[in-house]
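Subject: Structure handover

Hello,

Here is the structure I promised to pass on. Please open it alongside this note.

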Amino acid sequence: MKTFAKNFLWGGALAANQCEGAYLEDGKGLEICDLLETGKDRFIKLDPALELHEGRVYPSHEAIDFYHHYKEDIAMFGEMGMKCLRTSIAWSRIFPNGDDAEPNEKGLSYYEDMFRELHRWGIEPVITISHFETPLALVKKYGGWDNRKLVGFFERYCKVLFERYKDQVKYWMTFNEINNTLKLPYLAAGMVVADDVNAPQRQYQAAHNMFVANALAVKACHEMIPGAKIGCMLSLSTAYPNTCRPEDVLLTQQEDQLRNCMSGDVQCKGVYPYYAKRYFERNHIHFDVEPGDEELLRRGTVDFYSFSYYMTNCVTAQKDAAQVSGNIMGGAKNPYLKATEWNWQIDPVGLRYTLNHVYDRYGLPIMITENGMGARDTLQDGRVHDDYRIQYLREHIEQMRLAIDDGVELIGYTPWSAMDLVSVSTGEVEKRYGFIYVDKDNAGSGTLERIRKDSFYWYKNVIATNGSEL
C-alpha cells in the first residue's frame, strides 16, 4: 500500500487576522477583519460606513496575541515536530493603506524574524499572501476588488514579499478561499454588496481581477524565486445529490461547477470553462476583460492546488428538504452523517472522494491547508481531553492515506488549526480548533496561557511515525 512520502509536509495552519492581534502596532493599518465583531451575525452587524465603534468587541484586535507570543508558540510547534506552518502575511502590516508609496519596514522585519524562528525549528513556512486581509483603506478608497486598481497594488505587494523573503519561503499561495468571492464578498474581496442590485456583476468582476492578480503573482514568483512553488487555495464543500433523481444529480453538477470548479479551472488550466461563459450569457453578467488578460491567465497557472475541507452536504431540487449549514455553505441534510455542535456534517470518506475529484481534474500536487473540528473544549485540572478531535483527524488522515494509495499526489497537510484562534464564521475563540488551548473567552478576557491538549501529543506521534500510527 502506498502511503505518505518521506518528505510529506505535516503541519498546522493559522491566519494573521485570526491569531496575530496587535492590530495597529508597529505601523499596521486597519484591515477588513478589524471591523467584524463577535457573533454569528457579525457580517450583518458590519457598519456600512466601515467605522469602528466604542464599547464593541472586535476579536481581531488582540486575537490570541501571536504577534508577541510567536517565539514560544513556534517552540511548541517545533516540539510537536511540525514540518511546516501555513500562515499568512497581513497586507496592511506591509502597506498600511494598500497604496502607500513605500512598504512599512517594521512589518517586513516582523515576518522576517518569524520566518527565521520557524527555520530554527526546522519548520517550512507555507505563506498565504492574502487571507481575508485586504487593507481597509483600499476598500474605502476604491470599493474593493471589483476595482482594477487593486490588481496593481497586489502585484507590487507580492513583489516586495518575494524580494524580501526569497531565501526564506519556498511555498506560497495567493488568495485564501478565492471562490468565496461569490459567497463572502466582504471577506474574500473587500466588497460591501448588501442590497446592491449589481452585486453579481461586481462579484464576478472582482473574481476576474483576482484571477489576473493571481496570474501576475505566479509570473513574478517564478521569475524572482527560482524553484519556489505557488498555488491556489479554495474552499471545497463537496456536495452529493440528495437522491438519485436526475434533477438532483444535474443540480449537484451545476453547483460544483460554479462553486468549486470555475476558480480552479481558471487558475490551474488558465481559461474560463464553457459552463461559466454560458452562465454569464444567460444571466447577463458582463465584466471588463482587458487586452492581454486571457494570455496572462493562460501563462500564469499555479504549481499546486490547495483547499480547505471541513464538511459535505447534499443538493436537491426538493424545496422542503431538511437543511444544514456550516463553513458558510449550506445544503440538504445527509442522514448518514453526524454533525458538530455548529451543524457541520462530518464526512471523512468525502475527503478521499474530494482528493480524487480534484486530482483527476487537474493532475497537480495537492496540499490540504485546512481541515478540523470546532468544539467547546473544557479545561480540567490543567488538561484538555479532546478525544473527539483526535477521532475526527484520525479518520480524515486515514482517508488521505487511502487517496494516496489511489494514486493522488498529496504533498502536505496543515490541519485547522495549529492552536486556538478567532473563528471566521462567528468571531468566537471558544469555538476551538487547535492542538494548543489558549486561555481566552469570547468577551476577550483571559490570561492567554498556552496549554497542550491531548490532541497535541497524539499529532506529535502521527508526525513522528509519518502517519503510520493513528
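Below is what was found in it, topic by topic. Keep in mind that this is a predicted model.

**Nonpolar cores**

In soluble globular proteins, nonpolar side chains tend to be buried together. Here the largest nonpolar core has 126 residues. Within this core, F66, F77, W145 and W172 touch the most other members. Helix α8 gives the most to the core, with 14 residues.

Setting aside residues up to four places away in sequence, W172 touches I127, I129, L161, F162, Y165, C221, I225, A228, K229, I230, G231 and F304. There is also a second, separate core, made of 14 residues. L36, L136, L187 and V424 are among them.

**Helices α8 and α9**

Two packed helices are described by the angle between their axes and the distance between the axes. Helix α8 spans residues 199-224, and helix α9 spans residues 246-269. They pack at an angle of about 35°. Their axes are 10 Å apart. The crossing of α8 past α9 is right-handed.

Which residues make the contact? From α8 come Y204, F211 and N214. From α9 come L258, M262, S263, V266 and Q267. By class, 5 of the contact residues are nonpolar and 3 are polar. None is charged.

**Salt bridges**

Side chains of opposite charge can pair when their charged atoms come close. The count here comes to 36 salt bridges.

- K28 and D34: their side chains meet at 3.1 Å, N to O. Both residues are buried.
- E290 and R148: this salt bridge is 3.5 Å, N to O. E290 lies in the loop between α10 (274-282) and α11 (293-299), and R148 in the loop between α5 (136-142) and α6 (149-165), so the pair ties together parts that are 142 residues apart in sequence. E290 is partly exposed, with a relative accessible area of 38%. R148 is partly exposed too, at 25% relative accessibility.
- D377 and R389: the side chains meet at 3.1 Å, N to O. D377 sits in the loop between β11 (366-370) and β12 (379-380), and R389 in helix α13 (residues 387-406), so the pair ties together parts that are 12 residues apart in sequence.

Are D377 and R389 buried or exposed? The cut-off for buried is under 20% relative accessible area. D377 has 9% relative accessibility, so it counts as buried. R389 has 1%, so it is buried as well.

D377 and R389 also belong to a network of salt bridges. D386, D420, R432 and K453 are linked in it with them.

**S60 and D34**

S60 lies in the loop between α1 (16-19) and α2 (66-80). S60 counts as buried, at 6% relative accessibility. What does S60 contact, leaving aside neighbours within four places in sequence? The residues are N17, G21, Y23, C33 and D34. S60 and D34 are 26 residues apart in sequence. In space they are 5.6 Å apart, C-alpha to C-alpha. D34 is the partner of K28 in the salt bridge above.

**Helix α14**

Helix α14 covers residues 454-464. Its buried residues are D454, S455, F456, W458, Y459, V462 and I463. N466 follows α14. The phi of N466 is positive, near 50°.

Best wishes

How values were computed: Residues are numbered from 1 along each chain as its sequence is written. This is a predicted model: local features need pLDDT of at least 70, side-chain atom pairs count only at pLDDT 80 or more; totals for chains, interfaces and linings use all residues. Side-chain values use heavy atoms; hydrogens and water are left out. Axes are lines fitted to C-alpha atoms, for helices over the stretch in contact, and angles run from 0 to 180 degrees between N-to-C directions. Helices (H or I, at least four residues) and strands (E, at least two) are DSSP runs, numbered from the N terminus. A crossing is left-handed if the near helix is turned anticlockwise from the far one by less than a right angle, and right-handed if clockwise. Contact means heavy atoms within 4.5 Å. Ala, Val, Leu, Ile, Met, Phe, Trp, Tyr, Cys and Pro count as nonpolar, Asp, Glu, Lys and Arg as charged, and the others, Gly among them, as polar. A nonpolar core is a set of buried Ala, Val, Leu, Ile, Met, Phe, Trp, Tyr and Cys residues joined through side-chain atoms within 4.5 Å. Buried means under 20% relative accessible area, exposed over 50%, partly exposed in between (1.4 Å probe, protein chains only). A salt bridge is a side-chain nitrogen of Lys or Arg within 4 Å of a carboxyl oxygen of Asp or Glu.
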